[in-house]
Amino acid sequence: GASPEIRHILWEVIPGGENDWSEQGNVIRNNVIIDVSGAEGLSSPEMLAPSGIYIRDPTNVVEGNSVCAAGYGYFFHLVTNQTSRAPLLSFTRNSARSCTRCGLIVYPKFQPPWDPCAGPALFQNFTVWGSAGGAQGDGLLLRGGLPRYHGFKEPTAS
């Protein structure tokens, strides 16, 4: 099987504390995150519903992860003009289950640049089930055709 790989993940253990962790170029791959709770040191939108994977810059690789029992499965919190317009490196083969809010949120907006060689930014092959919602955010309005969402699934209960 695949082995988990986490490199340079930002942890703000002490609110307002200094750290030298980069928020760009991280690889978050093949992880299982279960039962996320607690709100100490979280940002305002996350206080009531912490996320399994919290991303403040889209220039990261997020692949093959599973989040179960969190507020949000994946939270792209893109609060600056720079991060809301940065390219998405990779978001594929991720899943969210039993989230109290939604599987994927992009907040407040995501307007990545058009890359004529690579095409549009793609959030792809994402599955969410047993959650309050699938995906939400202004970034999901597909302004100008960007970004695009491919292979999103919300399985029906059997």
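The model is a predicted one, so please read each value below as computed from its atoms.

Let us start with two residues that meet this definition: Tyr74 and Phe91 are both buried. Their rings form an edge-to-face aromatic pair, with 5.4 Å from centre to centre and 90 degrees between the planes. Where do Tyr74 and Phe91 sit along the chain? Tyr74 belongs to strand β7, which covers residues 72-78, while Phe91 belongs to strand β8, residues 90-97; the pair therefore ties together parts that are 17 residues apart in sequence.

Tyr74 has another ring partner in Phe126. Here the centres are 5.6 Å apart and the planes stand at 85 degrees, so this pair is edge-to-face as well. Like Tyr74, Phe126 is buried.

A search of the whole structure turns up nine aromatic pairs. Which residues do ring pairs link into a cluster around Tyr74? The cluster holds Tyr74, Phe76, Phe91, Phe110, Phe123 and Phe126.

Strand β7 also leads us into a sheet. Four strands make up this open sheet, in the order β4-β7-β9-β11, and their pairing is parallel. At its edges stand β4 (51-55) and β11 (135-136); each has a single partner strand, so one side of each is left without a neighbour in the sheet. Looking at one of these pairings, β4 and β7 run parallel and are joined by four bridges. Within it, Tyr54 stands opposite Phe75 in β7.

Finally, follow the chain back from β7 into the loop that links it with β6 (66-68), where you will find Gly71. Is Gly71 buried or exposed? Its relative accessibility is 3%, and because buried means under 20%, Gly71 counts as buried. Once neighbours within four places in sequence are left aside, Gly71 is in contact with Ala49, Pro50, Cys99, Thr100, Arg101 and Cys102.

Technical notes: Residues are numbered from 1 along each chain as its sequence is written. This is a predicted model: local features need pLDDT of at least 70, side-chain atom pairs count only at pLDDT 80 or more; totals for chains, interfaces and linings use all residues. Side-chain values use heavy atoms; hydrogens and water are left out. Rings of Phe, Tyr and Trp (its six-membered ring) pair if their centres lie within 6.5 Å; planes under 30 degrees apart count as stacked, over 60 as edge-to-face and the rest as tilted. Helices (H or I, at least four residues) and strands (E, at least two) are DSSP runs, numbered from the N terminus. Buried means under 20% relative accessible area, exposed over 50%, partly exposed in between (1.4 Å probe, protein chains only). Contact means heavy atoms within 4.5 Å. Two strands pair if DSSP finds at least two bridges between them.
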